[in-house]
Amino acid sequence: MREGTPVAYRHLYVHVPFCARRCSYCDFSIAVRRVVPVAEYVSAIAAELALRSVRETGSVLDTLYLGGGTPSRLGPDGIGALIDAIREVADIAPDAEVTMEANPEDITRDAVREWKRHGVTRLSIGVQTFDDRVLQWMHREHDGAAAEAAVRAAREGGIDAFSLDLIFALPHGLERDWQRDVGRVLALDPDHVSLYGLTIEDGTPLGRWRARGDVVESPEERYESEFLHAHDALTDAGFQHYEVSNFSLPNRRARHNSAYWTGTPYLGLGPSAHGFDGSVRSWNEKHYADWIRIVGEGAVPVAGAETLTAENRVAETVYLGLRTSDGLEVTAAEREALAAWVRAGWIIEQETASGVRIRCTPEGWLRLDALAADLTARRSPS
């Protein structure tokens with residue numbers, strides 16, 4: 001069985017679900033495996049590509065993102081086999097951004113050299129914190145020293161484009177020093193930094209700890225103060241805060257993720273992967289075993305889909321516009337209605353040749369959902 005009219009995609013996301021252990025906060029689709037079934041997985045990705053009719057579209061990829069899970073657990077040869085399987089059915093542009101998520105414990109100089117030889121141009125490194133006590137609480141496999149060693153190995157292996165991830169707003173009882181973590185990230189001189197506020201999801205180890213009363217979520221004031229501290233420290237160091245969770249040096253924005261934020265079509269492969277063809281959003285079966293079985297039966301492993309309505313498109317245009325520093329163009333009537341936001345310091349206005357654009361300030365990004373809902377309501381038909 002095949003989906004509808006094939007689309008020539010320029011952006012491809014591949015979900016690699018394998019992990020050594022589930023992190024305490026993680027509710028992603030992962031498969032904990034002591035021995036990773038590399039050949040089985042790569043074969044299934046190749047089969048899903050065939051089912052998606054990618055070869056027939058003549059797709060040329062501007063970006064390829066290997067996410068997870070932990071793609072680095074495939075090993076250098078596994079990454080090479082995966083990228084080769086993709087090249088069999090789609091061209092990867094010579095200047096494509098090919099990003100791979102990797103955990104520090106998997107990053108060695110030799111591994112990086114092999115990843116680069118296979119076409120990887122950029123790494124997203126899951127640091128999260130440099131505090132060894134907190135890393136253990138998170139169920140991470142590395143320590144702070146390993147994170148710093150991973151950055152050195154990345155550069156020695158020939159990849160100097162990398163993003164470092166940090167998690168903020170951890171429970172107060174952990175006594176994590178956020179300012180120290182931000183300082184250590186800056187000392188490593190990355191070209192990109194991603195920040196994620198901790199959320200506690202039901203069904204995760206952290207969710208169970210909360211249910212027992214062992215963990216209390218960080219208060220909003222702490223979330224706000226840590227977010228604003230990171231904004232100030234990173235922008236003072238020359239980073240551009242170009243999306244609510246992302247900072248980059250000039251001209252080093254994540255091209256793949258930027259496609260998501262502009263509503264560009266993209267294809268997702270692997271368990272739980274999402275895709276968008278310009279009008280329909282779809283998502284794959286979440287569990288690895290179900291995904292493998294369905295692909296093996298010759299069916300596209302889509303678990304669900306939704307066609308964007310006119311109202312959906314309004315909401316998406318507003319939300320995606322407000323979450324980036326590019327902002328959103330507004331009408332004169334909307335500008336007048338949003339004057340209270342300006343006075344509160346949540347948005348700023350910019351005159352353009354075609355009208356006025358609004359952009360969220362860091363304080364506004366902290367209220368992104370409420371601001372987007374307000375403006376969406378104003379734009380939606382009554």
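This note goes through the fold, the surface and the cores of the chain.

1. Basis. This is a predicted model, in which local features need pLDDT of at least 70, side-chain atom pairs count only at pLDDT 80 or more, and totals for chains, interfaces and linings use all residues. Residues are numbered from 1 along each chain as its sequence is written, and side-chain values use heavy atoms, with hydrogens and water left out.

2. Overall shape. The chain has 382 residues and a radius of gyration of 21 Å, which agrees with the value near 21 Å for a compact globule of that length. That radius is taken over C-alpha atoms, and the globule rule is 2.2 Å times the number of residues to the power 0.38. The C-alpha atoms fill a box of roughly 60 × 50 × 45 Å along the principal axes.

3. Burial. Of the 382 residues, 53% are buried (under 20% relative accessible area, 1.4 Å probe, protein chains only).

4. Charge. There are 41 positive and 57 negative side chains (Lys and Arg against Asp and Glu; His and the chain ends are not counted). The centres of the two sets lie 2 Å apart, with each charge placed at NZ of Lys, CZ of Arg, CG of Asp or CD of Glu.

5. Cores. The largest nonpolar core has 87 residues (buried Ala, Val, Leu, Ile, Met, Phe, Trp, Tyr and Cys joined through side-chain atoms within 4.5 Å). Val14, Tyr41, Leu82, Trp115 and Leu123 have the most contacts inside it. Apart from it lies another core of 16 residues, among them Leu198, Ile200, Leu206 and Val215.

6. Around Leu123. Beyond its neighbours within four places in sequence, Leu123 contacts Met100, Val112, Trp115, Ala154, Ile159, Ala161, Phe162 and Ser163 (heavy atoms within 4.5 Å).

Technical notes: Buried < 20%, exposed > 50% of the residue type's maximum accessible area, 1.4 Å probe, protein only.
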